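Trainee: Can we go through this model together? I'd like to ask as we go.
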Amino acid sequence: MAVTVIEPGLGATGTRRPRPPGHWQAARRALLREPRRVVGAAIVVIFVVLAVVGPFLYPRHLAANANSIYAPPSLVHPLGTDFEGTDVLSLMVTGARYVLVSGAVAGAIAVVLGALVGLLAGYLAGAVDWSLSRITDFALTIPQYPLLVVLAAVVRFTSPVLIGVLLGVTSWPGLARAVRSQAFSLRERPYIEASRSLGLSTRHVIVREMLPNIAPYVAMNLLVSMIGAIYAETGLFFLGILPTSNVNNWGAMLNQAVFSAGAIGSPQAISYLLSPLVAILLLTLGIVFVLDAVDEFFNPRLRG
Amino acid sequence: MSPDSPPSVKVTTGSGKARWARLGRRLGARVLTGVVMVLAVATLTFFLVHSMPGNPIQTEYQTLIARGVSPSLAAQQVAGMYGFVSSKPLIDQYGQYMWHLLQFNLGKSITASGEPVVHLVLSAAPWTIIPVLSGLIVSFLLGVSLGAVAAVRRTNRLGKVLSVSGSLFHGVPQFVWAVMLAYLFTTLLPIFPFGSPYNILDTPGWNGPFILSLVYSAILPVLAYALSSYGGWLLTMRSSVVTVLGDDFVLAAELRGLRPLTQLRYVARNAFLPLFTTLLLSVGFMFGGSIFIEEVFDYPGLGYQLVNAVNARDYPLMSGDFLFITVAVIAANILADFLYTFIDPRVRKAA
């Protein structure tokens, strides 16, 4: 019996057809379409590089110098010095790792939990959906910052990864609700009904069939959750809820500047006070512009 | 629906009595869910506080001993502060806590020398509600009107500038706004007072100078709140208007040759519906939504009280603030759901 094997990618003449533009190409095109997206990507890359190499550039304990407190920016101290005479640039550079690591951990956990709960509720429906939805509603009702203030006081974490875990497990419900409604509509699509009637396992349907369809949405939300987590984390340090001593974090810098060192009342401290604020703003700006590109990459209708 | 089936969609909007009964049942169900949620939050808070490293009661007891108070007196004082005897098993303490909660008794504060927590929370609430409500109104009016403009003019420069401003303003965290405004207008350009919600030289009360200083000191906090929430309103209104603009009735209005202003009124009324719910929910979230602004400007509101209670390990006050803030959100949820049925007839019929 003759079996015709159709070679994928091979034309009638046996030569390779030109491949359709790949993901990388589409991503590059989406990025290069507007200059601000390139700027955004550059900002994000710079911060990531700082987070990776920053702590290796400076000694573990940054030197303080009582003779140059609130020094203005100079060649030695490009961003001036803080209330102890420590170089502000070195604080910023070494602080980037903490901020980004906990942001990334939190974003990843929030996205995984949110997508999982949303898909399970939307696909299984019935009693599972009912109980997962009640839990989601409940978690959405509790105001985030007051809850974090209370939780942070209970757990007293200091490591960036654990803070990331804390922020991640408190910020999934929004995504879960959105994914659930998408899963509900996916559920009725013929190909899902087909896989269900083939008797494929729930795990297969959810991971292999439904997840790829909501992947773009989840990818966007990874960035959004990361921004949220970075705010929450620097905010908690800023409030002094997380211990600020011996921690290099922009929020801890701001806490000392505003509440204990009195930098907020002193015009000389301008570069010290503004540095963490500008860093947070720059990072936000970078991520917002990159999101714009990601949005276009995943929504072909926006292209054009 | 098959073509031969009669149009039997029973819309019993008619007789008022039945409608009110249905609304009442709906409200009752919502309130019941709300009560269950409040009890769940209270339970959560109780067990959180009691799983804290370093039993707060033990800590307080040791502080008193360290101050030279005799052990028996210290035990007595600690018991008085918490309103329960700490030697009871946890489940009994929980029962007592919930029983007191039903009587609106949240225990006594540790730091404020045994003042009832309910009293402290209620006296902090106006310091949160008044500035935040003002900021909410300002940002809502500004964001919604500019959002409508951004949607109608979305293809030209003005629309693009407005939506980018929305994304950026929305992206900046509240504490960044607060610190920047405080530094700019109290230190670099000292035109506003800093560090007190009113001029301490004025005597508090209903007199002109005091009220004036209250309003004057409130400008920066209100501005910080308004700036931090303006972007969200702009973006929400913009996307809502864009959605409505695609509806058939807009095209119909245009084809009928209605004046642009009339068309805009049609669009605005429909685009506003989803924002109404968000507005009511924001009213709930505002109780706990200004922690950063209160900290920076030394406003003795609920967020400020919560952070201080946490830092001072005043657990009864901490639980009380947290519970109050959560109850406000739950109440606003119920209210939003209920009022929505009044302003959107489609929901009323479907109910």
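Trainee: Which helix holds A:Val45?
Mentor: A:Val45 sits in helix α2 (residues 35-57) of chain A; helices (H or I, at least four residues) are DSSP runs, numbered from the N terminus. This is a predicted model, where local features need pLDDT of at least 70, side-chain atom pairs count only at pLDDT 80 or more, and totals for chains, interfaces and linings use all residues. Residues are numbered from 1 along each chain as its sequence is written, chains are lettered from A in the order in which they are written, and side-chain values use heavy atoms, with hydrogens and water left out.

Trainee: OK, new topic. How many salt bridges over all chains?
Mentor: Five. A salt bridge is a side-chain nitrogen of Lys or Arg within 4 Å of a carboxyl oxygen of Asp or Glu.

Trainee: What about A:Asp129 and A:Arg180?
Mentor: Their side chains form a salt bridge at 2.6 Å, N to O. A:Asp129 is in helix α4 and A:Arg180 in helix α7 (residues 173-187), both of chain A, so the pair ties together parts that are 51 residues apart in sequence.

Trainee: How many residues does each chain put into the contact?
Mentor: Chain A gives 40 residues and chain B gives 42 residues, with contact meaning heavy atoms within 4.5 Å.

Trainee: What area do they bury?
Mentor: About 3600 Å² between them, 84% of it on carbon and sulfur atoms. Buried area is the accessible area (1.4 Å probe) that two parts lose on being put together, summed over both.

Key: Helix = DSSP H or I, 4+ residues; strand = E, 2+ residues; numbered from the N terminus.
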